[in-house]
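Please open the model in the viewer and keep the selection panel at hand.

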2 protein chains.
Amino acid sequence: MPADLSTVLLIERHRGTLDKALEAVRTREFWSPYPEHPKAYADAEEGRAAFEALLGNRFDLDQPGTDEWTGGERSPYGIELGVEYPHPDPDVLLPAMRAGVAAWRDAGPEARAMVCLEILARINARTHQFAHAVMHTSGQAFTMAFQAGGPHAQDRGLEAVAYAYVEQIRVPENAEWIKPQGKRDPLSLRKTFTAVPRGIGLVIGCNTFPTWNGYPGLFASLATGNAVLVKPHPRAVLPLALTVSVAREVLAEAGYSPDLVCLAVDRPGEGLAKTLALRPEIGIIDYTGSTAFGDWLEANARQAQVFTEKAGVNTVVVDSTDDYRGMLSNLAFSLSLYSGQMCTTPQNLLIPRDGITTESGPRTYDEVVADLAAAVDGLLGDDARANALLGALVNPEVKERLDAAPGIGEVALASRAVAHPDFPDAVVRTPALVKLDGAKPDAEAAYMSECFGPVSFAVAVDSTADALELLRRTVREKGAMTVGGYTTSAEVERGLEEVCWEECAQLSLNLTGGVYVNQTAAFSDFHGSGGNPAANAALCDGAFVATRFRMVEVRRQA
Amino acid sequence: MPADLSTVLLIERHRGTLDKALEAVRTREFWSPYPEHPKAYADAEEGRAAFEALLGNRFDLDQPGTDEWTGGERSPYGIELGVEYPHPDPDVLLPAMRAGVAAWRDAGPEARAMVCLEILARINARTHQFAHAVMHTSGQAFTMAFQAGGPHAQDRGLEAVAYAYVEQIRVPENAEWIKPQGKRDPLSLRKTFTAVPRGIGLVIGCNTFPTWNGYPGLFASLATGNAVLVKPHPRAVLPLALTVSVAREVLAEAGYSPDLVCLAVDRPGEGLAKTLALRPEIGIIDYTGSTAFGDWLEANARQAQVFTEKAGVNTVVVDSTDDYRGMLSNLAFSLSLYSGQMCTTPQNLLIPRDGITTESGPRTYDEVVADLAAAVDGLLGDDARANALLGALVNPEVKERLDAAPGIGEVALASRAVAHPDFPDAVVRTPALVKLDGAKPDAEAAYMSECFGPVSFAVAVDSTADALELLRRTVREKGAMTVGGYTTSAEVERGLEEVCWEECAQLSLNLTGGVYVNQTAAFSDFHGSGGNPAANAALCDGAFVATRFRMVEVRRQA
């Protein structure tokens with residue numbers, strides 16, 4: 001029986017998009033095939049209805065080895081999702097997944113890329129439904145859930161497919177090797193090269209960005225010939241269950257085993273990720289989450305290639321600016337977006353205690369902090385706008401840290417609760433800004449550890465040189481997903497670059513407009529560097545895909 | 001003071017070679033810039049004299065942090081080398097090495113590649129000297145020491161430089177990113193991308209192939225901007241000391257710190273590699289040697305990217321052939337070359353106990369084994385030829401294993417001592433071939449572990465299907481650098497391919513001429529796969545270079 005989706009058809013549909021993606025990662029110019037504006041998608045109401053139809057029901061994926069049903073997601077906006085998902089018996093599920101791998105390997109890099117692009121295209125067509133699912137698991141406001149959870153996540157998935165594809169075709173499928181031997185006949189061999197997968201990739205999802213952080217690993221492993229088992233965060237299953245469902249549908253239509261992509265959901269408190277991570281069938285792990293579990297995976301899942309994104313302490317060095325208002329409004333937005341619940345949100349703002357220079361004269365440390373607090377207040381003064389920017393606190397731990405912030409230091413900007421018009425139980429809070437003296441040991445304990453959520457520290461330092469040294473120490477010891485800097489001095493700029501090159505951190509300089517330090521664009525920006533303690537991998541580069549497969553050569557005498 | 005070797009000059013000299021190497025790794029066709037025939041090099045006598053001039057002297061590299069002098073190499077051909085090398089104080093040496101890294105990073109990928117090619121060119125010009133150094137540390141016969149230790153090692157070094165270069169230029173140095181915003185002004189960023197090194201790469205050399213196994217890691221790390229500390233095997237220091245000396249000379253002439261490449265030699269019994277491997281300055285480790293220490297490095301040197309080549313059990317499946325004589329002579333050569341002291345030498349020959357089919361009728365298991373023994377005898381019957389093929393046993397442990405071989409099973413071919421005309425103390429031995437019954441548990445203990453040296457096992461199996469299953473189990477549990485197969489059956493061929501794809505091993509089929517299973521050619525063949533227990537890396541692919549550096553992005557508002 002021929003597959004409904006032939007490779008020829010898929011190439012016709014998607015090869016052009018893949019080629020554009022390959023070109024974009026080479027030039028690093030702006031590009032995306034997936035529109036980011038909700039109005040570009042016709043299915044707003046159908047999407048909402050499709051989301052609502054899932055609630056209170058069993059999400060049956062027709063997977064092998066399901067031994068019970070589990071679930072229990074509660075939206076940060078206060079509603080119970082009531083969806084039940086399959087819990088796996090690994091001894092049945094994992095062998096069933098492996099059974100499809102040989103045919104998937106034999107399909108080759110291009111056919112696999114095309115299937116991945118079809119999966120992404122179908123996910124893209126359902127972006128409204130996904131947006132509601134991301135919103136009601138991560139707590140992101142709708143627009144952010146739509147963009148970051150939809151087209152931006154799809155971009156990152158496509159980027160991973162592009163890298164995976166190009167990595168696999170660096171050697172030809174066949175080669176003739178003819179070595180001259182002087183007057184004797186040449187030596188001659190026919191060689192074939194086959195990209196072979198490691199087995200099964202395990203994707204361990206996070207609570208805040210289930211699709212954005214999940215897609216790179218999922219698509220990189222799948223495109224390199226592996227099966228993929230998705231183990232979502234127990235509070236953010238639905239967006240990844242939808243993803244797995246689409247992937248299984250496309251794989252089956254294209255004539256491959258749908259079990260190449262499966263979902264595994266924890267029983268409450270089970271710690272299923274630990275069990276799965278140590279299984280010999282698991283050859284690759286992609287993880288986003290706490291440093292403690294990321295370090296555990298790196299140390300213990302020795303049979304697998306482990307890619308981790310963990311915690312870090314992101315820093316902005318404020319030295320001087322020629323656009324003071326622009327700097328303040330840019331920083332205010334960065335601190336507010338999704339209530340600071342991004343792994344890229346700045347935490348420590350290092351400001352010289354003698355103040356900074358601006359285009360309209362010097363500003364003292366106290367003035368800068370007060371002006372920033374006022375900028376945040378202004379940005380979030382209107383509740384509708386505040387709700388649209390902040391979203392809801394993703395879980396009670398974030399709220400606990402926010403509530404504890406006044407005990408850490410002098411509060412320059414207090415957090416306030418914002419009422420949500422549609423969801424009275426949503427916990428919506430504006431960010432807190434706390435003043436700390438960088439020279440005081442008790443302050444150091446606070447600013448040298450990650451305080452995930454809407455709490456930032458305005459750290460008074462002796463000088464910009466002092467700030468650069470603290471930045472260096474912070475990145476080296478704690479890691480950083482992002483570093484920001486504001487300066488009008490070429491020397492300070494070079495100093496910031498030197499620290500970021502030596503400690504391996506991604507640097508944004510003098511952002512005063514509509515690009516923020518906590519946002520990266522696929523095909524152009526790297527997310528993380530892979531070279532400091534915050535993450536051992538970057539999205540996306542050759543290193544992210546190169547070890548997910550191996551090249552096996554067969555040579556024959558010609 | 002301008003450097004004697006400008007980048008412009010080096011580009012003029014070497015860019016063409018780099019481009020040809022890049023083309024070769026894409027096409028996998030035969031190519032090498034370094035002639036392999038000794039007659040292609042004019043310096044035979046000068047090379048020997050230059051080698052002899054080193055003996056009995058201190059090898060002073062003018063390195064910082066040398067706290068004493070150490071050495072004690074004795075040639076497998078029986079002469080004491082009497083060379084003394086620097087022993088480092090890591091607290092002085094490692095910071096001195098790091099001091100040169102920023103300027104080396106700033107040089108960029110192309111300038112670094114050119115410096116590496118100049119180092120290789122100067123090593124190539126001294127191939128005769130290197131050949132004697134390799135011969136008198138590894139025990140290889142002169143021609144092999146010349147070729148494998150000279151041009152073939154240089155090929156592998158150049159291959160690593162080519163991969164490192166291309167990996168670093170996958171993103172542009174600069175990019176303009178302009179994102180349309182409908183009617184508003186577009187968002188616009190200027191971005192720079194810099195390949196930044198991990199710090200210092202540690203190369204831990206082996207006894208048998210100091211240059212061939214050492215150059216890929218050395219040049220891959222250096223070309224990606226790292227400093228490189230070379231810690232040779234205590235019995236095979238001289239070829240790598242010469243290498244370090246050339247590298248330091250070229251670096252200094254090109255205006256970089258010579259301390260970017262340094263040598264560290266153990267005191268007897270010191271275990272310096274362990275100490276160095278755990279230093280925080282070491283970001284990369286390349287290791288060739290025992291499984292025990294390789295596993296230790298992977299488990300403990302967690303601050304570093306660890307690339308290991310360890311032990312494996314190489315297998316040849318003998319099912320059938322249409323060129324029986326060709327098969328026997330090819331196998332006889334493979335077992336004899338360098339007394340089987342290659343990580344790629346076949347150890348287990350799996351032969352159905354009911355025999356095999358050949359172009360001139362069936363041959364029983366006993367006949368095949370006897371015919372192979374006779375082929376080895378014929379190949380090595382002449383002592384001059386035997387000496388030219390076998391070389392000397394590299395160390396007493398190899399001789400002990402060979403002496404123990406008759407206790408393992410029925411000896412089909414006994415080892416004999418060969419007198420060396422020039423070196424009476426050389427321990428030269430022909431290989432032993434031992435018959436084992438694959439079904440017997442006590443035999444399994446022997447054939448399922450590596451017996452490094454000139455001992456091979458003719459393992460009787462129930463059938464070819466049985467052989468394939470044993471092959472699969474051997475590769476999965478013990479690893480393999482090489483797999484060979486002889487068959488006229490398309491089905492068996494596919495079965496061999498399937499096992500090698502699934503267990504990730506490199507397969508040579510039906511070699512009956514002048515290419516041997518234990519030899520690989522740079523730019524075309526992969527050495528190891530990185531996907532089975534014998535090695536976690538392959539020479540050379542994207543994975544071998546991609547994690548040796550990280551890409552740091554600096555973005556500025558445009």
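In which loop of chain A is the place of A:Cys504? Select the loop between α18 (490–503) and β20 of chain A, and A:Cys504 will be found there. Helices (H or I, at least four residues) and strands (E, at least two) are DSSP runs, numbered from the N terminus.

Before continuing, note that this is a predicted model, in which local features need pLDDT of at least 70, side-chain atom pairs count only at pLDDT 80 or more, and totals for chains, interfaces and linings use all residues. Residues are numbered from 1 along each chain as its sequence is written, chains are lettered from A and ligands numbered from 1 in the order in which they are written, and side-chain values use heavy atoms, with hydrogens and water left out.

**Backbone features**

Keep A:Cys504 selected and inspect its backbone: phi is near 65 degrees, a positive value in a residue other than glycine. Most residues other than glycine have a negative phi, and most peptide bonds are trans. A:Cys504 is buried, with a relative accessible area of 5%; buried means under 20%, exposed over 50% and partly exposed in between (1.4 Å probe, protein chains only).

Next, select B:Phe523, in the loop between β20 and α19 of chain B. Its phi is near 70 degrees, again a positive value in a residue other than glycine. The relative accessible area of B:Phe523 is 0%, so this residue is buried.

Then display the peptide bond between A:Leu539 and A:Cys540, which is cis, with omega about -10 degrees. A:Cys540 belongs to the loop between β20 (507–509) and α19 (542–546) of chain A. In chain B, a cis peptide bond joins B:Leu539 and B:Cys540, with omega about -10 degrees. B:Cys540 is located in the loop between β20 (507–509) and α19 (542–546) of chain B.

**A buried alanine**

Where does A:Ala480 lie? Select the loop between α17 (464–478) and β19 (483–486) of chain A to find this residue. A:Ala480 is buried, at a relative accessible area of 2%. Leaving aside residues up to four places away in sequence, A:Ala480 touches A:Gly312, A:Val313, A:Asn314, A:Val475, A:Asn532 and A:Ala534; contact means heavy atoms within 4.5 Å. Draw a distance from the C-alpha atom of A:Ala480 to that of A:Ala535: the two are separated by 8.2 Å, although the residues are 55 apart along the chain.

**Chain A as a whole**

Of its 558 residues, 64% are buried. Among contacts in chain A with a separation of 6 or more, 75% are between residues 24 or more positions apart. Colour by charge to see 49 positive and 72 negative side chains, the centres of the two sets lying 8 Å apart. Here Lys and Arg count as positive and Asp and Glu as negative, while His and the chain ends are not counted; the place of a charge is NZ of Lys, CZ of Arg, CG of Asp or CD of Glu.

**The two chains together**

Finally, show both chains. A rotation of 180 degrees with 0.0 Å of shift along its axis superposes chain A on chain B (RMSD 0.0 Å). That is the relation of a two-fold axis. Select A:Ala543, whose C-alpha is the nearest to the axis in chain A, 3.3 Å from it. Copies are superposed by least squares on the C-alpha atoms of residues with pLDDT of at least 70 in both. Of the interface residues of chain A, 100% are also interface residues in chain B, so the copies meet through the same surface.
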